[in-house]
Amino acid sequence: GTPIRLVDYQVPAYLVGQVHLDVDLFDEHTRVNATLALRRHPDAPAGADCVLDGVGLTLEALSVDGEPLAEEAWRYDGEQLVLRGMPDTFTLATQVIIEPQRNTALEGLYVSRGMFCTQCEAEGFRRITFFPDRPDVLSRFSTTVRADKVRFPVLLSNGNPVARGEEGARHWVTWEDPFPKPCYLFALVAGDLACLEERYRTGSGREITLQIYAEERDLDKLDHAMASLKAAMAWDEQTYGLEYDLGIYMIVAVSHFNMGAMENKGLNIFNTACVLAHPKTTTDAGFQRVEAVVAHEYFHNWSGNRVTCRDWFQLSLKEGFTVFRDQSFSADMNSIAVKRVEDVDMLRTVQFPEDQGPMAHPVRPAEYQKIDNFYTVTIYEKGAELVRMQHGLLGPERFRAGTDLYFSRFDGQAVTTDDFVDCMAEAGGIDLTQFRRWYSQAGTPRLEASDTFADGEYRLTLRQSTPPTPGQPDKLPLMIPVKLALLGADGAALPLDADGNTETVLVLTEAEQTFAFAVPGTQAPVPSLLRGFSAPVELRYDFSPAQLHFLLAHDSDGYCRWDAAQRLYHAAVTRLLADPSAAEAEAAALRPALEQVLARAMDDPAEAALLLTLPGEVAIGDRLDVLEPDRIHAARGALQAELGRQLARQWWQAGQACLTPGPYRPSAADIGKRSLRHRALAYLAAAADERVASHLEALCRDADNMTDQLGALRLLVHYRLPGAAQALADFAARWHDEALVMDQWFAVQATVPGEQTLAQVRALLAHADFDWRVPNRVRGLLGSFANGNPTAFHAASGEGYRLYAEALARLDEVNPQIAARMAGACARLPRLPDARREALAAALRDVLSRSRSANLREMLERILA
Ligand code: DPP
Ligand code: ZN
């Protein structure tokens, strides 16, 4: 297809001031009447056509200033409506028919379990009515929703309800949103919904009504989202000085949803997986996800809605910043160190591979075919790292001055990432010219560090380089903040300057630079590098095992402790790949480090659990030149089993010490304990400890919460322990009415290591509870299979690839966005060894030849390029 390019950006020919929508919902179709007040953009060329987007609309009526339009003055090709010879200002009225009941792509207006709902970001609004569907057209919306009053008692849209009425069996409500917004923030809901309603008083004393809507059966699963929303509102007032701006804030839970959630003005629509939470059905990870996503969407009210994006190349303007905000919020609500490690782990295991493969793109891309394909970890998580680096360079006070400037200067406007960086540079009084390259240059920078110590001087040399990425062969040096401490023999950080500071930020701007420090004594210090993961780079430094053990024991930086442990584990697994018989010796060598972590584990069980987690099979594979999933599985498994055996007593003790008596609470403290306990049980399961199977069976059967039940189930099934089959059957019998729990049941089975799982995945695809139209179910089965089961997905027979390719083709007919997203799991193709690469390429070429959607085609073309 033809790409859309950033350099081609032009202002829209016409803007829309006021828009009124009248949406009449029926069983077979929906009629949408739209009235748009259009005016020519002051900077648009005179005489330019008025172009409105509209995909798959059946046009029933069209008038300009109340008069039907002559045939030759307009044309509609199924995607765009072009009006010729229009005056500078005019009113356009259109009437169209759409069919939400048949909309399985879940873009625009659709039906989920009998409820009408919308998803308009990025380009769904054009499937509802004719409109300039681009984020730089900001309009004031009023919306009338009409439907059967018995089946759809709740009728919602953005803003405030201003009028309502009845007409026989039907009723209607009119909503008005006082804030001009781009149409991607439009939302509409009609359904038979229950509601949890509470109040929140802002810092300035305004009372806000908070409503969370869900199906009646889920009403008891809304308390956590409500508490999270209030916490987020208070946090944003305190941290950024930002208050909510309407009198009402609504969230609606929807079962069929392509994304996690959507920040529509005043009316967020959420995937049930990101809003429903109950101890019986939701894991600790689920509770934390709800807290994070509720906050994320709330924070968008300012970073996204009040100040929005000029065009979709600027997507990270709102997403990178808002992820940074939600990460900071979650850190404050739980643990700063633990949250940082979790975020870094995800960045390194998911974003780095994206940045090193065929999908690599800058945080501000230069071109795309389907913007839906660019809701990526690079735009979101790497984008957040760019904001975090600016926060680090400015310090908290000047960063806040920068955000104040940004929100006041651009309130009500659609702007660019450059505008954001301008505010930071201005408020921070620093030159960020070179820093901007982070936005335009793709790829993960490599940072090589080497050092010398002589005559009381420690010299650290840093070299940077960024490998080529598609379309960007040559890279320029970036501005890289490297936070550093030097640890003395006793493990304490040495003073680095006359003021006695023990931590500093080296700002690397050249390809290579050397930094010198006076260090008393005769012993070389141990460098604590890239503290807090101060830049999203791959750090290479030739740490000795002794240095890593030392950092793990003494470094006061949580990220550096964790990174030291990860380096030790990677090294051990790498040696085991060469000599599989050495598991016992490798485990014995790691043992002192693990024992020392376990000895002080109760100080911070959550951190201990992270320190005790071996890198996953996928992450190990990503470090190797040749992917050998079976050998990786065997090597990692042998190490885990040996550690389980050699430390069995300590694992049982840790599990015991981490019991959380009393009712389940999703507090950071209890979550940490459960996480360490399950880590310990995983080692014991790997070791096939003689008591572990019955312990897990009992936990899976009797626990009062989903974290314990599901954790136990996964270990039973993945380690093929006695009782696994029965536990799976019992679990399904117990939870078959809870869709979100069953998603996990599918995922557990799809991730059992080994080629024999392929038959199981095929069986599950044919299971009565599998549904191609429910993205959560598709992700649960197919997503976890392809992303989390390397031994099956990459089976030497090529069968995993064929199965997956068939599924992509099938999915593409139902939901192109999800099909394209799932295709991302194949992006490691260029790194596969010959036979596998050919097998996957052949399977994908076959899908490409049949693919109907531009979404899936763009992904496959990039991967196969
Ligand atoms: N709803 C998605 C998010 O919040 C897209 N904006 O990230
Ligand atoms: Zn977002």
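Reader: Why is the passage of α6 by α7 called a right-handed crossing?

Author: A crossing is right-handed if the near helix is turned clockwise from the far one by less than a right angle, and left-handed if anticlockwise; α6 passes α7 in the right-handed way. Helices here are DSSP runs of H or I with at least four residues, strands are runs of E with at least two, and both are numbered from the N terminus. This is a predicted model, where local features need pLDDT of at least 70 and side-chain atom pairs count only at pLDDT 80 or more, while totals for chains, interfaces and linings use all residues. Residues are numbered from 1 along each chain as its sequence is written, with chains lettered from A and ligands numbered from 1 in the order written.

Reader: What makes α6 oblique to α7?

Author: Their angle is about 130 degrees, with the axes 8 Å apart. Axes are lines fitted to C-alpha atoms, for helices over the stretch in contact, and angles run from 0 to 180 degrees between N-to-C directions. Under 35 degrees is roughly parallel, over 145 roughly antiparallel, 65 to 115 roughly perpendicular and the rest oblique, so α6 is oblique to α7.

Reader: How do you know that β4 and β8 pair?

Author: Pairing takes at least two bridges found by DSSP. β4 and β8 (residues 80-83) have four, in the antiparallel sense, so they count as paired. Valine 51 stands opposite valine 82 in β8.

Reader: Why are β4 and β7 at the edges of their sheet?

Author: The open sheet runs β4-β8-β7. β4 (50-53) and β7 (74-76) each have a single partner strand, so one side of each lacks a neighbour in the sheet.
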